[in-house]
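Hi,

Here's the structure I promised to pass on.

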Amino acid sequence: MPTEKRTFALIAAAVAGALVFTGCGAGSRVGNDNATSVACDYEAPKAKTTVNVLAYNSSAIDPFTNTMVSSCTKGDVTVKHDPIDFGGQVTKTTATLAGSTGTYDLIETYGFIIPGLAEDDKLVPLDDLYAEHASEHGLDAISESMRQGMSYDGKLYALPMQAQMFVLAYREDLFDQLGLKAPTTFPEMVSAAQAIQAAGLVEHPIALPWLATSDVTTSFEAAMNSLGADFVDADGKVTLDGPEAQQALEAMLALKPFMDPQVTTFDQPKVQQQMYNGTAAMSIMFSGRMNDLTLASNSNLADEFAFAGAPKLTADAQYSYSRLSIDGWSIPKNTELDHDMLFTMMASAVGEDASKASIPAAYPAREGLVTTSNSPYGEAANASIASTMPPVVSPVLADLSNEIRPLLVQVLNGELPVADGMAQMQAAGEKLAG
């Protein structure tokens, strides 16, 4: 596939596959009142300069973006960011990377698309800039595993900003009433749901984001990850007809009797609504959605929610049912502005002060900042990230997720037997991977 068409395909696939990854609040707007004043010392160009920043708006991303805009705009240099939702960012990322020159000088990226963009030579490798600025900005405090997650073929292509992982939210009042504990496995989720249903408390106790056009493949991948597998192995071989894929599908199907029949129309905001209005008793979402549950302005049940690390598929599973999504800053290869200046802006925006100020809305990439004292779901998030399978780095995963999604939905809706669905997904994956 030609480079430009392939890049477009990867990013377009990520509209569906990674929209949920980022836990984005599409369309949300947060003003500069959450900006942190930090040092941003760079050598300014001699002429007036505008630095255009592309980053979608959400409560988890805005603190970092607003800090960059506020602290790095000075003299004749203006850092400009226009509000945009995630879908708009994806479209504009495609456009700005398509030609020899682009519209944006700094772009927010995420681990899922780094391999494809790096392979297509669309981003500036940051290793030399990182080495030069690491000491001044304390960059070595950024999680090494997150740096690896934003790397490809041994090179760093994005400076990690924040991460999200799956967290279990549940109605502690209902669990206490029935003498239940937070489930640590899928079978325990089923047992808790059965007890809640039998007591007549909630008709559909379990809520998961299985939207047929995006989230559902993330959930399938998380289920396989719990078993130590992914859609492809480390060598790029498609693994959708293996025992882990079968066990993951069967585990997902076992939850369906306790979920709303329209579950494949539910994204994360709809799952939040189920929790807000009491039509669900437990849910698993990205951590960026958890703080919203604690706000009394969103639900009169806010004080009843508790949080725990994501469960495993089985007691002997290697990892939790979770996905690690990493957001960061990248420099497009086609920007005409000085890379050193741009990196300084990125590094300032993910500094310790800015990172601390982003809590509890975000889970910053700097290690050890999120605690039980500064985040209501901090303990749960730390437990999940410690038990989440490290991401498999592959340039085909975004396209592969997009390709198998319709087949996966048919399996979950009972329209396609598990064995047939696996065979068809494997064939589709092998055709795509080549």
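The protein chain splits into domain 1 (49-164 + 325-378) and domain 2 (165-324 + 391-433), with bounds that come from an automatic or database domain assignment. This is a predicted model, where local features need pLDDT of at least 70, side-chain atom pairs count only at pLDDT 80 or more, and totals for chains, interfaces and linings use all residues. Residues are numbered from 1 along each chain as its sequence is written, and side-chain values use heavy atoms, with hydrogens and water left out.

The C-alpha centres of domain 1 and domain 2 are 28 Å apart. Domain 1 puts 15 residues into the contact and domain 2 puts in 18 (contact means heavy atoms within 4.5 Å). Between them, the two domains bury about 1,500 Å², and 71% of that is on carbon and sulfur atoms. Buried area here is the accessible area (1.4 Å probe) that two parts lose on being put together, summed over both. On the domain 1 side, F112, Q164 and Y377 supply 45% of the area buried against domain 2, more than any other three residues.

What about charges and polar groups? There are zero salt bridges between domain 1 and domain 2 (a salt bridge is a side-chain nitrogen of Lys or Arg within 4 Å of a carboxyl oxygen of Asp or Glu). As for polar contact, one residue pair has it across the two domains, both residues being at pLDDT 80 or more. That term means a pair of N or O atoms within 3.5 Å; within protein, one must be able to donate a hydrogen and the other to accept it, and residues adjacent in sequence count only if both atoms are side-chain atoms.

The elements giving two or more residues to the domain 1 side are α4 (114-119), β4 (151-152), β6 (159-164) and β11 (325-330), and α4 has the largest share, three residues. Helices (H or I, at least four residues) and strands (E, at least two) are DSSP runs, numbered from the N terminus.

The structure as a whole holds six salt bridges. In one of them, K333 pairs with D121, and the closest N and O atoms are 2.6 Å apart. K333 is in the loop between β11 and α13 (339-349) and D121 in the loop between α4 and α5 (127-137), so the pair ties together parts that are 212 residues apart in sequence. D121 also has a positive phi of about 60 degrees, although it is not a glycine.

One last thing to look at: a cis peptide bond joins I359 and P360, with omega about 10 degrees. P360 sits in the loop between α14 and α15.

Cheers
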